[in-house]
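User: Please take a close look at one part of this model, a single strand and what surrounds it, and then connect that part to the rest of the fold.

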Amino acid sequence: MANSYEPPRPDYRIDGFEAATERTEDDFFSVTLSGDMLVPLAEHHSTDGRDTYLLVYDRAAIWDLPGTAEYVTLHLTRDTAQRTFDFAHERHPVIPLAQNWLTRQGCPAESAELSKNHGPRPADALTARLEDMLRANPDDRYTVLDHSTDNPCSFDFGIEVSTLVHDSHPASALAPYRVFHEETTKDFRSYTVREGTFPSVEAADTWVRERSTPLPLAPAPDGAIGLRAEAARARSTVNSGGLAVPPAAVIPPRSPSAAPARVRRSAP
């Protein structure tokens, strides 16, 4: 009988190392408690053995609080002389934001790319462009305020992720709150990302919760993309849970100027 498929596990490379502090030990244990549910999507190990960067998909997120983000990034740093390690980690709603975090931690950009991508693909050029913007986040343009992942765990529905950001670009002054809305088709072959603009956090949160109007799309930088964007104004039929959840990311592997107001959040 053929063995069932078991996805690879993250390679932390800490054999022979101890946590630098008790807090590090507790935090690392908490993050990796369900290690068999963490599927590595990208990883990089520095040649000097001091740094490891990981982007993983947390299959257990669907059993966490509703809306929990499904992608997790880790940066392990080792003291090779003392044989100790420390680490930083964060959850992300979408892959481009996870990749941005890794590169800011020092991971080479090419190593933050997905090593094996057998999942859904960007459905169009606009999706790819918006993901590139989130991945680069030039001049710290976007500050993530909140996000929500709606994964019904069913082939009858797709997956939706809404990410609320504050956009500090001067051109966005009249509507500085943006919702990046990602929809994956129920067959998991492709996904789209669209950017909505709102004058306030409350307006953005209302749209995500109620979805009674088309997403007010951000102005396109050129006519060609603008035509694609107009075609995306149709309202999704999948229910959404709103953005009032703590930051936390996963779709099966596929790939600050003035301080903005915060979205209300539920208890962690």
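Analyst: Of the 8 residues of E2, 6 are buried, so this strand is largely enclosed by the rest of the structure; buried here means under 20% relative accessible area, exposed means over 50%, and partly exposed lies in between, with a 1.4 Å probe and protein chains only. Strands, like helices, are DSSP runs numbered from the N terminus, with at least two residues (E) for a strand and at least four (H or I) for a helix. The model is a predicted one, in which local features need a pLDDT of at least 70 and side-chain atom pairs count only at pLDDT 80 or more, while totals for chains, interfaces and linings use all residues. Residues are numbered from 1 along each chain as its sequence is written, and side-chain values use heavy atoms, with hydrogens and water left out.

E2 belongs to an open sheet of 5 strands with mixed pairing, ordered E1-E5-E4-E3-E2, where two strands count as paired if DSSP finds at least two bridges between them. The edge positions are taken by strand E1 (18–19) and strand E2 (38–45), each of which pairs on one side only. The partner of E2 is E3, and the two pair in the antiparallel sense over 7 bridges; within this pairing, Ala42 has Leu55 of E3 as its bridge partner. The hairpin of E2 and E3 has 5 residues between the strands, and there Gly49 takes a positive phi near 80°. In a regular strand the side chains alternate between the two faces of the sheet.

Thr52, for its part, has Leu76 in E4 as its bridge partner. Helix H2 (residues 95–105) packs on the sheet and touches E2, E3, E4 and E5, its direction making about 15° with that of E4; contact means heavy atoms within 4.5 Å, and axes are lines fitted to C-alpha atoms, for helices over the stretch in contact, with angles from 0 to 180 degrees between N-to-C directions. Helix H1 (residues 22–31) also lies across E2, together with E1, E4 and strand E5 (84–92), and runs at about 45° to E5.

H2 is itself mostly covered, with 8 of its 11 residues buried, among them Ile95, Leu97, Trp101 and Leu102. Just after this helix, Gly106 takes a positive phi of about 115°. Cys107, at 4% relative accessibility, counts as buried, whereas Cys153 is partly exposed with a relative accessible area of 47%. A search of the whole structure finds 0 disulfides, a disulfide being a pair of cysteine sulfur atoms within 2.5 Å.

E7 (residues 142–150) is mostly covered, 7 of its 9 residues being buried, and 8 bridges join it to the antiparallel strand E8 (residues 159–167), with Tyr142 standing opposite Asp167.

As for confidence, the protein chain averages a pLDDT of 84, and 79% of the residues score at least 70, pLDDT being the predictor's confidence in each residue, from 0 to 100. Over residues 223–268 pLDDT stays under 50, and for this stretch the model has 143 contacts beyond four places in sequence. Where pLDDT is low, the predicted coordinates should not be read in detail.
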